[in-house]
Amino acid sequence: MRALALAAAQAEPQVHLTSQTRIVAAVIAIFFMLLILDLIRRDRLQERYSVIWFVAGLGMLAGAAFPGLLELLADAMGVRNTNVALFSIVLLLLLGLALNFSVIMSRQAAQITRLAQERAIEQARRGTADRPANGNGSAAEQALESEEKRL
Amino acid sequence: MRTLVFIPAWNEEASVATVIAGVREALPEADVLVVDDGSGDATAERAREAGALVASLPFNQGLGAALQTGYLYALRNGYDACAHLDADGQHPPEEVVRLLDEIVADRADLVIGSRYHSGAVASSGDYRPTFSRRIGISVFRFFLTLATRQRFTDTTSGMRAANRRVMALFSQHYSPDFAEIESLQLAVRQGLRVEELPVRMLERAGGASFLTPVRSAFFIFKGLVVLLVGQFRPRQAEAER
């Protein structure tokens, strides 16, 4: 059964990209890169997060312009159908991007939490200012800061 | 010896004043700070009226972030010891005094008040967990003991006392989702002396537990993942290199 399937697979000709697909891909890639430029221009996207999208757009354009590249990749992956290879690569890229965003999101969540905590502490401290001093002079605060670093 | 007792509170306007009064009576020397975790009700006002300091987070951040705020406050303001207890009246303030005694005597860096420790005396009105809660408790107990090689009976206790070493650690690293369990693991891995003390706890004053079986299962699964990941965090010695 397996041998039969293998034989059938071998009989199938290798599937290439059609010129139509290549033109559509090139147009989309160019449109995509223009969109990113526009987003940066209108301050809707920070440069540091746009680099990765620009690389993705360039890759798309390269794939459309030089289908040989894609077929080389498909061969390396052991995939007969170039379209399938294309989909897998794009899927992996998106997976990587999603992970990247989770990392960025986690960092920002931690920053927001710390910001909220600092504000709350500052507020509570101002509450103590009305009361008799607790010996919290500037010298004491400096000593605290150095201890915080040491710990 | 300056001591801070902090109370994380989220929508606890009904009970927070009683808890503060209890703490002030049991520990007249200590400063009391309520960390208001973005409450929508009058928790902050009630706390201020009861004579506590109030640190209000601008939005609800979860218990872990609220506790971390307390540790950070204690560290920044030079307190020698700190303790925290729940705002819902489950934790008798007299028991906090006993936890703090351990810190003052420098027998431990972090002391946990345990409901289930064999030394805890059961009496009517005392805390009795539901069935699904008991399963979760024993699972966490088992895996935390496995991870830390130290016996813990009450992994989710919200009644603790700590010294400055713990303040410094927890104000830097404190998981927002699994505050209690992960912090224990972290403290033991950093080589701190963590001790459990049997305490008496009361039945929750009002409101049922939010846990359904499905949520419990998910809660347990999440906790196990957190514990597993925690095992791969660098220890102090490695981190300093």
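**View 1. Phe6(B) is buried, with a relative accessible area of 0%.** Buried means under 20% relative accessible area, exposed over 50% and partly exposed in between, with a 1.4 Å probe and protein chains only. This is a predicted model: local features need pLDDT of at least 70, side-chain atom pairs count only at pLDDT 80 or more, and totals for chains, interfaces and linings use all residues. Residues are numbered from 1 along each chain as its sequence is written, chains are lettered from A and ligands numbered from 1 in the order in which they are written, and side-chain values use heavy atoms, without hydrogens and water.

**View 2. Aromatic pair of Phe6(B) and Tyr71(B).** Over all chains, a search of the whole structure finds nine aromatic pairs. Rings of Phe, Tyr and Trp (its six-membered ring) pair if their centres lie within 6.5 Å; planes under 30 degrees apart are stacked, over 60 edge-to-face and the rest tilted. The ring centres of Phe6(B) and Tyr71(B) are 5.2 Å apart and the planes stand at 80°, so this pair is edge-to-face. Phe6(B) belongs to strand β1 (residues 3-9) of chain B and Tyr71(B) to helix α3 (residues 63-76) of chain B, so the pair ties together parts that are 65 residues apart in sequence. Helices (H or I, at least four residues) and strands (E, at least two) are DSSP runs, numbered from the N terminus. Tyr71(B) counts as buried, at 1% relative accessibility. One aromatic cluster is formed by Phe6(B), Tyr71(B), Phe170(B) and Tyr174(B).

**View 3. Crossing of helices α1(B) and α4(B).** The axes of α1 (residues 16-26) and α4 (residues 93-104) of chain B come within 8 Å and cross at roughly 45°. That makes α1(B) oblique to α4(B). Angles under 35 degrees count as roughly parallel, over 145 as roughly antiparallel, 65 to 115 as roughly perpendicular and the rest as oblique. The contact (heavy atoms within 4.5 Å) is made by Val19(B), Gly22(B), Val23(B) and Ala26(B) of α1(B), and by Pro93(B), Glu94(B) and Val97(B) of α4(B). By class, this contact has five nonpolar residues, one polar and one charged. Ala, Val, Leu, Ile, Met, Phe, Trp, Tyr, Cys and Pro count as nonpolar, Asp, Glu, Lys and Arg as charged, and the others, Gly among them, as polar.

View 4. Leu57(B) is buried, at 3% relative accessible area. Leaving out residues up to four places away in sequence, Leu57(B) touches Ala116(A), Gln117(A), Arg119(A) and Ala120(A) in chain A, and Val35(B), Asp36(B), Asp37(B), Gly38(B), Ala66(B) and Thr69(B) in chain B. A separation of 27 Å lies between the C-alpha atoms of Leu57(B) and Glu95(B), 38 residues apart along the chain.

**View 5. Positive phi at Asn11(B) and Arg149(B).** Asn11(B) is not a glycine, yet has a positive phi of about 50°. Asn11(B) sits in the loop between β1 and α1 of chain B and is partly exposed, with a relative accessible area of 38%. Arg149(B), also not a glycine, has a positive phi of about 55°. Its place is the loop between α5 (131-148) and β6 (160-163) of chain B, and at 70% relative accessibility Arg149(B) counts as exposed.

**View 6. Chain A, with six helices and zero strands.** Of the 151 residues in chain A, 17% are buried. Among contacts in chain A between residues at least 6 apart in sequence, 63% join residues at least 24 apart.

Technical notes. Axes are lines fitted to C-alpha atoms, for helices over the stretch in contact, and angles run from 0 to 180 degrees between N-to-C directions. A crossing is left-handed if the near helix is turned anticlockwise from the far one by less than a right angle, and right-handed if clockwise.
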